[in-house]
Amino acid sequence: MAHDDAALRAEMMALVAELAPAEGMTPSLLEGVAFGRSNRSLPRTPVLHDACVVIVCSGRKRGYFGDQVIDYGAHQFMVSSVPMPFEGETFASPEEPLLVIKVKLDLGVIADLALAIDPSFEAVPGAESVATAPVDAPLADSVIRLLRALRSPLET
């Protein structure tokens, strides 16, 4: 299984690298889905996130939510269940760029999503509207199918 996980992760990273050729956010062919790339570390900066899921394929992010700090990196995802301001920091290099997939969430389906998420999902203390969890093989497989489809206008 570990080999399969490594293969899924490598394919996901390659697809996002292809779909996010330039630094910054690149919209996808599907509304609400975008890809992000940074080839360098970026200092702590104010950010306003929509309700969204951010899946990190490589690199690392740190979010500052008031007094709380959360780190999430490759093969993890962060869920923000409500739009919120916070500060974000990026750790990346040309050899290991930050590559992310950002999917806006419909607030009406967040409760259903929360029930479907892995039981290891942990809320950040004091910031229950933000949580992180690892990307497991079934999620990676679903994301890869989405990424493959987003390479083609017809499949999208």
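1. Lys 61 lies in strand S5, residues 60-65, where helices (H or I, at least four residues) and strands (E, at least two) are DSSP runs numbered from the N terminus. This is a predicted model, in which local features need pLDDT of at least 70 and side-chain atom pairs count only at pLDDT 80 or more, while totals for chains, interfaces and linings use all residues. Residues are numbered from 1 along each chain as its sequence is written, and side-chain values use heavy atoms, with hydrogens and water left out.

2. Lys 61 is buried (under 20% relative accessible area, with exposed over 50% and partly exposed in between; 1.4 Å probe, protein chains only).

3. His 75, in the loop between strand S6 (68-73) and strand S7 (76-80), has a phi near 70°, a positive value in a residue other than glycine. His 75 counts as partly exposed because its relative accessibility is 25%.

4. The lining of the largest cavity consists of Asp 5, Leu 8, Arg 9, Val 135, Asp 136, Ala 137 and Ala 140 (a cavity being a set of points, on a 1 Å grid over the protein atoms alone, where a 1.4 Å probe fits but cannot get out, and lining residues having an atom within 4 Å of a point). Helix H1 (2-19) and helix H3 (137-150) are the elements that give two or more residues to this lining, and H1 gives the most, with three.

Methods
Lys, Arg positive; Asp, Glu negative; His and termini not counted. Salt bridge = Lys/Arg side-chain N within 4 Å of Asp/Glu carboxyl O. 1 Å grid on protein atoms, 1.4 Å probe; cavity = no way out; pocket = protein on both sides within 12 Å on 5 of 7 lines; lining within 4 Å.
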